[in-house]
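Subject: The model, and what I found in it

Hi,

Here is the structure I promised to pass on.

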Amino acid sequence: MSTAGPTSTSARPQGPGPRPGQGAQQASQQTRPTPQGRPAGAPGPAGRSRRVKLTVSRVDPWSAMKMSFLISVALGIAGVVMVAVLWMILSGMGVFSEVNRLVGTILQDSENPFNLMDFLGFGRVLSLSIVIGVIDVILLTALSTLGAFLYNICSSLVGGLQLTLTDD
């Protein structure tokens, strides 16, 4: 326990608010005009928007590869799901059985009857769509990484892609 009286810390104001010597500095920052002639905290006119011209001078190939890999995996999964749903819809509507019946009447071969499901069975169609999805993932990832390298080479020659962005 301390027996000393009030210390110098009790002389300082406690709680929220500016400390001594900071109030004038904060007040000057709040009322200092911006280049448009308005205080820093005040909103601008409703009809005006800022326009900023930026240049994309370089694309990181590693980040382009990661993003393209994730996007192509998502597209591959969506493609497999789409093929499965489409096959189920066509099967439910009886399209395969009608095509099978039509081809059977055209061929009229009783010894070797034609069965469309030998060629377009659900397992076969789904496995083919998975193989196409895996090839798609590999190709899209490689092509986008190569595209990032080519963009970097071209942007070093001509300066990059210039964008104009607006603040609405």
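**Before you start**

This is a predicted model, so local features are taken at pLDDT of at least 70 and side-chain atom pairs count only at pLDDT 80 or more, while totals for chains, interfaces and linings use all residues. Residues are numbered from 1 along each chain as its sequence is written, and side-chain values use heavy atoms, with hydrogens and water left out.

The confidence score, pLDDT, is given by the predictor for each residue on a scale from 0 to 100. Its mean over the protein is 80, and 72% of the residues reach 70 or more. Residues 1-13 are the stretch to treat with care: pLDDT stays under 50 there, and the model has two contacts for them beyond four places in sequence. A contact here means heavy atoms within 4.5 Å. Where pLDDT is low, the predicted coordinates should not be read in detail.

**Overall layout**

The protein has five helices and two strands, in the order α-β-α-α-α-α-β along the sequence. These come from DSSP runs numbered from the N terminus: helices are H or I with at least four residues, strands E with at least two. Among contacts with a separation of 6 or more, 72% join residues 24 or more positions apart.

Of the 168 residues, 12% count as buried. Buried means under 20% relative accessible area, exposed means over 50%, and partly exposed is in between (1.4 Å probe, protein chains only). The protein exposes about 13400 Å², with carbon and sulfur atoms supplying 65% of that area. Accessible areas come from the Shrake-Rupley method with a 1.4 Å probe, and for residues only the protein chains shown count as cover.

**Helix α2**

Helix α2 covers residues 61-93, and its 33 residues should span 48 Å at 1.5 Å a residue; the end C-alpha atoms are 47 Å apart, which agrees. The expected span is 1.5 Å times one less than the number of residues. Its buried residues are Pro61, Ala64, Ser68, Ser72, Gly76, Val80, Ala84 and Trp87. Their cover includes α3 (95-107), α4 (117-120) and α5. Just after α2 comes Gly94, with a positive phi of about 85°.

**Helix α5**

Helix α5 runs over residues 122-158. Its 37 residues should span 54 Å, and the end C-alpha atoms are 52 Å apart, which agrees. Buried in α5 are Val125, Ser129, Gly133, Val137, Thr141, Thr145, Ala148, Asn152 and Ser155, with cover that includes α2 and α4.

Leaving aside neighbours within four places in sequence, Thr145 is in contact with Pro61 and Met65.

After α5 comes Gly159, whose phi is positive, near 105°.

**Salt bridges**

The count comes to two salt bridges, taking one to be a side-chain nitrogen of Lys or Arg within 4 Å of a carboxyl oxygen of Asp or Glu.

- Asp60 and Arg58 meet at 3.8 Å, N to O. Asp60 is partly exposed at 36%, and Arg58 is exposed at 54%. Asp60 sits in the loop between β1 (50-56) and α2. The C-alpha atoms of Asp60 and Asn152 are 8.4 Å apart, although 92 residues separate them along the chain.
- Glu98 and Arg101 have their closest N and O atoms 3.0 Å apart. Both lie in helix α3, three residues apart, about one turn of the helix. Glu98 is partly exposed at 44%, as is Arg101 at 49%.

**A nonpolar surface patch**

A nonpolar surface patch of about 930 Å² is made by Val131, Ile135, Leu139, Leu143, Leu146, Leu150, Ile153, Leu157 and Val158. Patches are made of residues with over 30% relative accessible area and no salt bridge; like charges are joined within 9 Å, and nonpolar side chains (Val, Leu, Ile, Met, Phe, Trp, Tyr) within 5 Å.
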